Amino acid sequence: MTLLIGLTGGIGSGKTSAANLFAELGAEIIDTDELAHRFTRPGGLGMAAIRQAFGPEFVTPDGALDRAKMRALVFSDPGAKGRLEAILHPLIREEVERRIAASRAPYALAVVPLLVETDAYRGRIDRLLVVDCAEETQITRTMSRSRLTRDEVRGIMGTQVPRSVRLAAADDVILNDGDLGDLQRQVQALHEKYLGLARRTSAAG
Ligand code: ATP
């Protein structure tokens with residue numbers, strides 16, 4: 001079985017930056033946010049079920065998920081999020097397995113922003129890697145690359161588990177308060193560790 005690392009972290013912590021560095025070193029990266037997006041594009045695999053569950057008003061004329069409408073619904077009806085996830089999560093999980101099976105990389109790394117919150121990968125991942133940084137760093141980095149205000153970023157952080165909970169669940173942690181060179185060094189060290197674990201996993205059958 002291919003070693004599977006679950007990579008998570010709060011908004012703006014550096015998940016994508018870390019994942020890109022692992023990819024350069026040869027890991028198979030599976031970005032579950034990207035898959036969710038793909039399944040809700042025009043003609044996406046999730047769209048028939050979404051139309052059936054939520055009605056045609058949540059589908060744009062070209063057949064994609066109407067993201068603005070869905071965001072508004074999720075805001076006013078907390079159950080809607082669970083209904084949407086019940087459609088998308090199984091599709092994403094299946095695609096994750098397909099990608100792992102098709103990959104020749106020594107190990108795979110699934111980027112799952114809400115891994116600790118949703119529990120969806122518990123029992124499946126071999127290790128949980130958390131990218132962590134100070135909340136102030138999360139806020140300034142997110143603000144610098146989006147149009148979100150400080151309060152909006154704080155609001156999103158409020159919907160995610162606190163740092164302490166995420167860190168308590170972690171097997172490995174990347175502390176991403178430094179510069180990109182610092183991030184690169186930590187990724188390199190973990191990559192070597194994962195290569196060693198992957199060798200043992202494949203030797204065990
Ligand atoms: P999101 O939760 O919004 O998807 P993320 O956790 O994937 O974010 P990134 O997109 O990797 O985080 O990083 C957020 C921003 O911070 C990006 O603009 C990225 O280039 C920058 N960044 C990440 N790590 C560092 C670092 N160590 N030094 C400087 N900038 C960084």
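Predicted model: local features only at pLDDT ≥ 70, side-chain atom pairs only at ≥ 80, totals over all residues.
The domain assignment divides the protein chain into domain 1 (1-27 + 108-199) and domain 2 (33-104). Taken over C-alpha atoms, the centres of domain 1 and domain 2 are 23 Å apart. Ten residues from domain 1 and eight residues from domain 2 take part in the contact. The size of an interface is often given as the accessible area lost when the parts come together. Between domain 1 and domain 2, about 730 Å² is buried, with 58% of it on carbon and sulfur atoms. On the side of domain 1, Ala 120, Tyr 121 and Arg 124 stand out: they supply 50% of the area that this domain buries against domain 2, more than any other three residues. Tyr 121 also has a charged neighbour, as Arg 93 lies over the face of its ring at 4.9 Å from the ring centre.

Turning to the aromatic residues, a search of the whole structure finds three aromatic pairs. One of them is the stacked pair of Phe 22 and Tyr 194, with 6.2 Å from centre to centre and 25 degrees between the planes. Phe 22 belongs to helix 1 (residues 15-24) and Tyr 194 to helix 10 (residues 180-203), so the pair ties together parts that are 172 residues apart in sequence.

Finally, Ser 103 sits in the loop between helix 5 (78-102) and strand 3 (107-111). Ser 103 counts as buried because its relative accessibility is 17%, below the 20% cut-off. The side chain of Ser 103 makes a polar contact of 3.0 Å with the side chain of Glu 28.

How values were computed. Residues numbered from 1 in each chain as written. Heavy atoms only, no water. Helix = DSSP H or I, 4+ residues; strand = E, 2+ residues; numbered from the N terminus. Buried < 20%, exposed > 50% of the residue type's maximum accessible area, 1.4 Å probe, protein only. Polar contact = N/O pair within 3.5 Å; in protein donor to acceptor, adjacent residues only side chain to side chain. Phe/Tyr/Trp six-rings, centres within 6.5 Å; stacked < 30°, edge-to-face > 60°. Lys NZ or Arg CZ within 6 Å of the ring centre and 35° of its normal. Domains from an automatic or database assignment. Contact = heavy atoms within 4.5 Å. Buried area = accessible area lost by both parts, 1.4 Å probe.
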